[in-house]
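Welcome! Keep the sequence and the 3D view open as you read.

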Amino acid sequence: MRCEVGMEYFLSLVIFFPAVAAVLGFLIDEASIKTYAVTMSFIEFVLSLVLWIFYEPVDGIAFSVLHPFISEYGINYFIGVDGISLFLVILSTLITFLALLSLSIKERAKNLIICILFLEMTMVGVFVALDAILFYIFWELSLIPMLYIIGAWGSGKRIYAAVKFFIYTFLGSMFLLVGLVAMSYFYHEATGEYSFNILNWQSLSLPLSTQIPLFLAFSVAFAIKTPCFPFHTWLPYAHGQAPTIGSVLLAAVLLKMGTYGFVRFSLPLFPDASVHFSGMMCAVAIVMIIYASFIAFAQKDIKQVIAYSSIAHMGVIMLGIFSMSREGMSGAVFLMISHGIVSGGLFMLVGFLYDRRHTKLFSEFGGLARVMPLYAFCFCVVLLGSIGLPLTIGFVGEFLSLAGIFKISFNYALLGGLGIIMGAIYSMNLYKKTFFGALVHEENKKLSDLNRTELCSIIPICVLVVALGVAPNLMLKSIEPSVTQSLELMFNKASQTATRAYMEKANFKVRSDAK
């Protein structure tokens, strides 16, 4: 749907405000650049909240704008939001604001901040683009600032980590580009005109033999970004060598581009192929959950534990997506937001500790709760959200995702639940080794607790962990209508009996007005 006049171009403002702020940042001196960046990112966050205030959770797209760009080939500037993308936009702006607020890097801070503001523009653009070429442009542009952030401000093998991140994701993007061009070709074959409009593509019914290679092309790109096993090996390096703010943005937002791609492209465009490969995708998700949990338990670096836990959480999201049920997909979208908040908070907290001790090894800590009680409390709250304790934000998404996949397979739900239990084990092991026991190292006895700036950065995350765990309907009431619409589209497009049977097994019922 098209918004009222006056709000029509508001979404464009939300997209490009950070880019304008980044350009103007060149005019700001080094001493004032952080204050400038925090102010600009806060304004951007407020603008995204305005989207939520004026968004109505009904069928269709809100705040849509369509302007011809290359009409001959059906390439347009076409943007809009629905209940699925709305909260991913808000997540992007919130995490960017909090990450900049907590930024402690002094070396070449101006260049770093300009990169981050530009990256924020690309993240928002990915989630609101409804033209496939526009989506691809934002998708690719996000690689450049993150490559620079890891390579220029990282530690250790930062160049290796940055190059590996770039090569993996760029090669995946080549598959995506081939898939996008092929979809435009098939749309031309069916209608006589080219189009990269994602909504137009959703009306196109393709045979299973055509859907399969297209699904695989799209899925390779999204699987690398997620990252799914066996394409996950770039993530621990990227997290391990990236500066704190790079890890926060990578875990909280950039990984969600992959799972968002599955929800926005793979399932609604290729419903028969999605069901055809659902068993394989669920098996990959189970491997992600259990394998990453074992590896996380064996780590000696706090940051690496959180990095591998991200892979496990993304596995739960994949289970929810490929359950193709209302509960599962709604839970998966909710868990994208949940994981973004808790993983961003955990990496932020590890960064606070690294700034004080310049190490992330378990062996260098112990007994920190005695000298840093506020830090220990905040870490505990966010970690419980990551584990999925009831009445925290992590529980809602995990429960709904597993409830959705339970309708399809008891074994998948059982193994997914086992992985979550393993997550609680390695997370509590991390907390025990870091915060309890004797204060062995003299350096730890002199550590200062969280300062005012750090508290302002982490308290909003702690509040959200509890608030959205207690009142998840604040988001779910907007997410569910868009998920339902997507599932109805899949059901109506399905040409294979197996597809309809799979969705009916998930207790999906087509609304009377959608038949």
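**A first look around**

Phe 63 counts as buried because its relative accessibility is 1%, under the 20% cut-off. Please keep in mind that this is a predicted model.

**Backbone spots worth a look**

- Phe 63 sits in strand 1, which covers residues 62–70, and has a positive phi of about 60° although it is not a glycine.
- Arg 108 also has a positive phi, near 50°, and is found in the loop between helix 3 (83–101) and helix 4 (109–128).
- With a relative accessible area of 34%, Arg 108 is partly exposed.
- Thr 226 and Pro 227 are joined by a cis peptide bond, with omega at about -5°.
- Phe 229 and Pro 230 are likewise joined by a cis peptide bond, here with omega at about 5°.
- Pro 227 belongs to the loop between helix 9 (208–225) and helix 10, and Pro 230 lies in the loop between helix 9 and helix 10 too.

**Helix 14**

- Helix 14 runs over residues 302–323, and its 22 residues reach 32 Å from the first C-alpha to the last, close to the 32 Å expected.
- At the start of helix 14, the backbone nitrogen of Lys 303 has a side-chain oxygen of Asp 301 within 2.7 Å.
- Just after helix 14 comes Met 324, with a positive phi of about 55°.

**Gln 241 and its surroundings**

- Gln 241 is part of helix 10 and counts as buried, at 17% relative accessibility.
- A polar atom of the Gln 241 side chain lies 3.2 Å from the backbone nitrogen of Lys 157.
- Leaving aside neighbours within four places in sequence, the residues in contact with Gln 241 include Gly 154, Ser 155, Gly 156 and Arg 158.

**The largest pocket**

- The largest pocket holds about 500 Å³ of space.
- Its lining has 27 residues, and the closest to the centre of the pocket are Ile 105, Pro 243, Thr 244, Tyr 354 and Asp 355.
- At least two lining residues come from each of helix 6 (143–153), helix 10 (234–241), helix 11 (244–269) and helix 15 (326–357).
- Helix 15 gives the largest share of this lining, six residues.
- By type, the lining of the largest pocket has 13 nonpolar, nine polar and five charged residues.

Methods. Residues are numbered from 1 along each chain as its sequence is written. This is a predicted model: local features need pLDDT of at least 70, side-chain atom pairs count only at pLDDT 80 or more; totals for chains, interfaces and linings use all residues. Side-chain values use heavy atoms; hydrogens and water are left out. On a 1 Å grid over the protein atoms alone, a cavity is a set of points where a 1.4 Å probe fits but cannot get out, and a pocket is an open set with protein on both sides within 12 Å along at least five of seven lines; lining residues have an atom within 4 Å of a point. Grid points are joined across faces, edges and corners, and a volume is the space filled by probe spheres set on the points. Helices (H or I, at least four residues) and strands (E, at least two) are DSSP runs, numbered from the N terminus. Ala, Val, Leu, Ile, Met, Phe, Trp, Tyr, Cys and Pro count as nonpolar, Asp, Glu, Lys and Arg as charged, and the others, Gly among them, as polar. Buried means under 20% relative accessible area, exposed over 50%, partly exposed in between (1.4 Å probe, protein chains only). A polar contact is a pair of N or O atoms within 3.5 Å; within protein, one must be able to donate a hydrogen and the other to accept it, and residues adjacent in sequence count only if both atoms are side-chain atoms. Contact means heavy atoms within 4.5 Å. The expected span of a helix is 1.5 Å times one less than its number of residues.
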